[in-house]
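This report describes selected features of a protein model. Please consult the sequence and the structure alongside the text.

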Amino acid sequence: RLIEDDLRDALAHGELTLNYQPIVRIEDNIVVGFEALMRWNHPERGLISPAVFIPIAEDSHLINTLGEWALRTACADAAKWPKKLPVSINVSAVQFMSEGFVTTLTHVLSASQIDPSQLVLEITESVFLGDDDSNDQIFRAIKQLGVRLALDDFGTGYSSLAYLSSSPFEKLKIDRKFVETCTERGSKDQAIISATIGLASALKMEVIVEGVEAFDQLDLIHGMGAQLVQGWIYSKALPNDEVLERLAQGD
Ligand code: G
Ligand code: G
Ligand code: MN
Ligand code: NA
């Protein structure tokens, strides 16, 4: 049996869940938002990473079904959080560019209890491979709804500064690849992180540094002016019950 067939059934069988990874302000350790990350608990194979099953979903049109489920679920969960913090959802470029995406988004939002400004769509640079005119149309529609946009995995894909200059993105996420090696001697990633933070703040974009695991990394990027981080140093992605517990504790 193909993993693709299993994935088709996974939703109906309740094998997919969304976990939420906190985004934290370094200065005071306050949680300022969460990123929804999909998890698949396969009955025989155990946990399968989205890094494995999302590409399979993209190749088989299942991505639209999974993506719509993720949107609905994240909006429903976030609507019940005691603090109305932003919830970020990853939107695959394939899903973003497929017909009906904006219609789906509009329906999900109006059926949910959340304010559109609480929703953040994380999109990678691979959307820039698509048609600029139709992308612009989708971006405009998203902005019109009041939904926020984050440019994810920045610096690892098809980044072009030209895209940033006309960018509809309010947030920029620096990929963890740069953070991984930034404290090594002679690492050029320090310069890249620092320049990206400078560029983003000059463009009035909010910067989130991803994949921070260690205190030396945190100190280094904080020294470079980073204010928001997402990484195991604070927390892995949590099931929604744990998010609720933490928020109830005043986190
Ligand atoms: O959570 P992390 O484990 O291992 O995720 C691996 C990759 O899968 C990341 O690139 C992440 O953006 C992507 N991913 C996680 N959840 C989703 C999702 O709901 N939709 C999409 N399109 N990608 C996701
Ligand atoms: O590609 P994207 O940025 O959407 O996905 C975030 C990915 O990074 C997920 O796979 C998530 O589990 C992972 N992640 C988040 N924080 C850390 C971290 O501190 N270290 C590592 N190795 N991975 C992380
Ligand atoms: Mn992401
Ligand atoms: Na990323």
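**Confidence**

The model is predicted. The chain has a mean pLDDT of 95, and 100% of its residues reach 70 or more. The scores for the model are ipTM 0.97 and pTM 0.97.

**Helix packing**

| Helix pair | Axis separation | Angle |
|---|---|---|
| α1 (residues 3–10) and α2 (residues 50–59) | 10 Å apart | about 90° |
| α5 (residues 101–111) and α6 (residues 132–145) | within 10 Å | roughly 10° |

With an angle of about 90°, α1 is roughly perpendicular to α2. Helix α1 contributes I3, E4 and L7 to the contact, while α2 contributes F53, I56 and A57. Sorted by class, the residues of this contact are 5 nonpolar and 1 charged, with no polar residue.

Helices α5 and α6 cross at roughly 10°. Angles under 35 degrees count as roughly parallel, and α5 and α6 are therefore roughly parallel to each other. On the α5 side, the contact involves F101, V102, L105, T106 and L109; on the α6 side, I138, A141 and L145 take part. This contact of α5 with α6 comprises 7 nonpolar residues and 1 polar residue, with no charged residue.

**Nonpolar core**

In soluble globular proteins, nonpolar side chains tend to be buried together. In this model, the largest nonpolar core has 59 residues. The residues with the most contacts inside this core are A74, L172, V207 and V209. Helix α3 (residues 62–79) supplies the largest share of the core, 7 residues.

For V209, when neighbours within four places in sequence are left aside, the contacts are I174, V179, I221, A226 and V229.

**Residues with positive phi**

N29 is not a glycine, yet its phi is positive, at about 60°. This residue lies in the loop between β1 (16–25) and β2 (30–42). The C-beta atom of N29 has 10 others within 10 Å; a residue counts as exposed at 12 or fewer, so N29 is exposed.

D153, also a residue other than glycine, has a positive phi near 55°. D153 is placed in strand β6 (residues 148–154). With 19 other C-beta atoms within 10 Å, D153 is partly exposed, because burial requires 20 or more.

Note on methods:
Residues numbered from 1 in each chain as written. Chains lettered and ligands numbered in written order. Predicted model: local features only at pLDDT ≥ 70, side-chain atom pairs only at ≥ 80, totals over all residues. pLDDT = per-residue confidence, 0-100. Axes fitted to C-alpha atoms, helices over the stretch in contact; angles between N-to-C directions. Helix = DSSP H or I, 4+ residues; strand = E, 2+ residues; numbered from the N terminus. Parallel < 35°, antiparallel > 145°, perpendicular 65-115°, else oblique. Contact = placed C-beta atoms within 7 Å. Nonpolar A, V, L, I, M, F, W, Y, C, P; charged D, E, K, R; others polar. Core = buried A, V, L, I, M, F, W, Y, C linked by C-beta atoms within 7 Å.
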